[in-house]
Amino acid sequence: MATAPLGGIGVSVPRKEDARFIRGKGNYVDDVQLPGMLFLDIVRSPYAYAKILAIHKEKTLAVPGVLAVITGKDLEAAKLSWMPTLMSDTQMVLPTDTVMFQGQEVVGVVATDRYAAADGVAAMEIDYEPMTPVIDPFKALDPGAPVLRTDKPGRKDNHIWHWEVGDKDGTAQALKESDVVIKEKIYIPRIHVSSIETCGCVAQVDSMGKLTVWLTTQAPHAIRTVFALVSGLPENQIRIISPDIGGGFGGKVPVYPGYVIAVVAALTTGHPVKFIEDRTGNLTSDSFARDYHIEAEIGATKDGRLTALRVKTLADHGYTDAAANPSKFPAGMFHVITGSYPFKKAFVEVDAVYTNKPPGGIAYRCSFRVTEAVHAIERLIDILAHQLKMDPAEFRLKNFIPPEAFPFPSVLGWTYDSGNYAGALKKAMEIIDYAGLRKEQVEKRKRGELMGIGISSFTEIVGAGPSKDFDILGIKMFDSAEVRIHPTGKVLARFGTKSQGQGHETTYAQILAEELGIPVEGISVEEGDTDTAPYGLGTYASRSTPTAGAAAVIAARKIREKGAKIAAHLLEVSPDDIEWVDHKFQVKGVPGKSKTMADVAFAAYTNHPQGMEAGLEAVDYYDPPNMTYPFGSYIAVVDIDKETGQIKTRRFVAVDDCGTIINPMIVDGQIHGGLTMGFAPSMLEEIQYDADGNNKATSFLEYLLPTAVETPHWETAKTTTPSPHHPIGAKGVGESATVGAPPAFVNAVVDALEPYGVTNIDIPLSSYKIWQAIHSKDPP
Amino acid sequence: MYPPNFEYYVPSTVEEAVGLLDQHQGDAKILAGGQSLIAMMKLRLAQPAILVDINRIPNLAYVREDDKFLRIGATTRTAELSRSTIVQARYPILSDAGREIADPIVRNRGTVGGNVSHGDPGNDLPACLLAMGAEFEIHGPKGIRTLPARGFYQDTFVTSVATNEMMTEIRVPRPGAGTGSAYSKMERKVGDFATVGVGARVVVDSSGKILNAGIGLTNVGPTAIYATAASDFLAGKTDSDAVLAQAAVLARDASAPSPDNRGPVDFKKDMVRIWTRRTLRKALDRAKGGK
């Protein structure tokens, strides 16, 4: 037999999925074409807060091609006008009497083609009575503020929940006893995932009453369960198919009103119904991310030892809490905010409020609020270092959790699995010539030139998660793999996760290649069809490799256990005499006497031992014992045009550690993409609302995504500190760079502006903000 | 993102196009490169009942120079403008601007005539043509008329072209010896409309004295702005940093920007000052033989 390269762990196997993606042969939801398919478009609210006085359907129904108009009252009759959010709040599918944000779905229009549906939307006449919206989240808590969620009986204010963790009194005492305490307000603005593919679905009910929905979802199985619970349809009569997905980033975890309306339209018309959001609908109504108003303090001794951390945060969730966090953690993993440092005392509290804005609080490539946490701690560390007149690198090196302290119990309750923080930072400093840059900066400052160096030494927390702590709507956050080896030694493996560009078809195959000794091209990976794949919680928060990737390893090892018995039978030895060496079953100590997995697979169907079940397959539902904690150190160097406030990123070095690397090329791609997604909100992206609640970024004209021209050149490097509890030592990496990059940029810019006494600038670092910082204070 | 129905005409002569515009006055829009119009139609901000597609009218796309003018046909793509070696050699303000308009995809489709006659204060070419003292040839049912760029822009999306007229040629006076020109654009990202754009033209004599100058401003008012006081101030002055700084202040005072996501008014006005000074310097360097 020809020996194809195995393509196991650590090999940069070209991505299997790219063959179709780069030739335009991907199969996305909008590629689904069904006979008799109708199209749904949506009338959206022009007001942030208004009563609906009347909906006049006549002109819309008169538009040629328009077949149906669906309102909140229609849905109310079927008890479908409201739906639960993943945080057990409630969200309108369509409003019956009040609109809660500008851009909210108000009426569905179903037509025979997409243009007719849009004409129907344009013809719709709705009478509104605008009300004064609540936009500022701080004012939302004022005693006199209008109560927005009047649908909730007994509600007297706009406060959603309070969550806290840590030792409040002990932290206060420790801060009091600290030689130095600094305090800063940091706003992490509302942003949007803006995946290239917007959200959408095709809903079809077949002649047996079975509902099939092709859906842009990162979590098809969980969505099926939610659909069953909301609609009352039996779960076996629902099939969710998540085909190729053009980017998810957390934005395709929730259920959006348009999906439900499309399903209702399919059920009522008897036709398949397609709904694909346009860009403005996507930007103005789908779940946003971030929007945390953070006030944080840290203390230190005068010789620069960190003492305590206190954080108070206001979370603006829009009109409903539609975050997608694990149920137990309404603020996600925000309490990883002690970061890479061994604080003895810490206290974190978060209050969430309702405002007249779109719902959300989803994790945009941020592992459940870790971006907010890392931004705050890495900014504070820099401010404190400056206050102590210590170099920020030296200050970090002095305070890092040392490698020998792992597994490290953080004061707020996490157990960091492994890390070598100083190793990563020192490597980044060496690559970028940190000492040389500081010298250059001194000279530049003498000439009045603005150059800044910014460090971010982040600790991530990914791979949710252990079932004792992690569930979504009660469903535990395990994930699954089902591996079948065919008689000829080829493999079909199915997973409960769902790739949206991460490269699962390649990396899962590599894990299985390594564990089964079967070359990677003989292994097919399938995900996303709830009728065929095993149940899982899906792909987000960098959880696929820590959970489903581990499930693949365990399933493969179960197969190896059975395979050893078959090999023993073939080699006529006792199963105890078989060992797995060099990707083969071998008689202990006799390298010449061995069987490959392909040999064993053939025997499993043609010559299996008496009394043994035929076949060679295994399923594993993996419940991780702990989270994984990838980390890294990033250094940015910026030059600032003093007159215009324009920032030029001269260099950006990213040293990442995600434990064992399955495919170095894919990891590098994840880092490059993640860094760009960290750069974007640092410099450009932001959703702002005016006082009337008008969204000021309803298209890519104003919601600014960087192009290759703006994006810095990324210099990447790695250190490798395996996870001690993951079966192959791997950690999640999909979000590290997005989480880690922003504070490096802000720290660099604030460092450059040090002569002006600037301590913080909130992202995005727009030119005008830099100009204002320079002009508000005269340089010394 | 889906426009309503419209009728679509493809005239083969300017006269036919003008006839259609005259027949459907107010209901018809000219479709040239479509880079502004189609986007506005998709958002239903513009809902013309009739589109008059002028792309197949022959001999409307050209860049040529005679002894008086650089002549640019209305359907010349902006990418072609900045690729023209004549433009690069003697009208660098236009090739500068041509490289800054939106992004390459837009520049391959968008036309010079459309950019100039749309009346969007964010379009980059009007400021350059104001600085250069250009003129426009306009065809209407009653014949041809020529209008100077200065005075052409009346308000946002309002120009001196009537609804039954069509711009056919853009003429830029041929520069004499000692002329330098440049365009600078400050933008948040590639493809963005300018935070501020400045076009500058200067003519210097052999002693370095500025004989005359023109300064146009992009996106800092309801229309593209000709900075008259700043331009006039420079005539007869000897080039110095102080003189340019004074002109820059006058240009700043001619601007009337609105606050938006790009920044507040005081910032934008200061950017007019900074970029006027920098662009004048670049134009002067070019006038003296530099790049």
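**Ground rules.** I am working from a predicted model, where local features need pLDDT of at least 70, side-chain atom pairs count only at pLDDT 80 or more, and totals for chains, interfaces and linings use all residues. Residues are numbered from 1 along each chain as its sequence is written, with chains lettered from A and ligands numbered from 1 in the order in which they are written.

**Chain B against chain A.** I looked up the contacts (C-beta atoms, placed from the backbone, within 7 Å). I find 15 residues of chain B touching 21 residues of chain A. Helix α11 (residues 265-287) of chain B gives the most to chain B's side, with three residues. Helices here are DSSP runs of H or I, at least four residues, and strands are runs of E, at least two.

**Helix pair in chain A.** I checked α14 (residues 545-571) and α15 (residues 597-606) of chain A. Their axes, lines fitted to C-alpha atoms over the stretch in contact, come within 9 Å and cross at roughly 85 degrees. That makes α14(A) roughly perpendicular to α15(A), a term covering 65 to 115 degrees. On α14(A), G563(A), I566(A), A567(A) and L570(A) take part; among their partners on α15(A) are M597(A) and V600(A).

**Sheet in chain B.** I traced three strands in an open, parallel sheet, ordered β1-β3-β2. Pairing takes at least two DSSP bridges. The edge strands are β1 (7-9) and β2 (28-31) of chain B. Four bridges join β2(B) to β3 (residues 50-53) of chain B. L31(B) has D53(B) as its bridge partner.

Note on methods: Two residues are in contact if their C-beta atoms, placed from the backbone, lie within 7 Å. Axes are lines fitted to C-alpha atoms, for helices over the stretch in contact, and angles run from 0 to 180 degrees between N-to-C directions. Angles under 35 degrees count as roughly parallel, over 145 as roughly antiparallel, 65 to 115 as roughly perpendicular and the rest as oblique.
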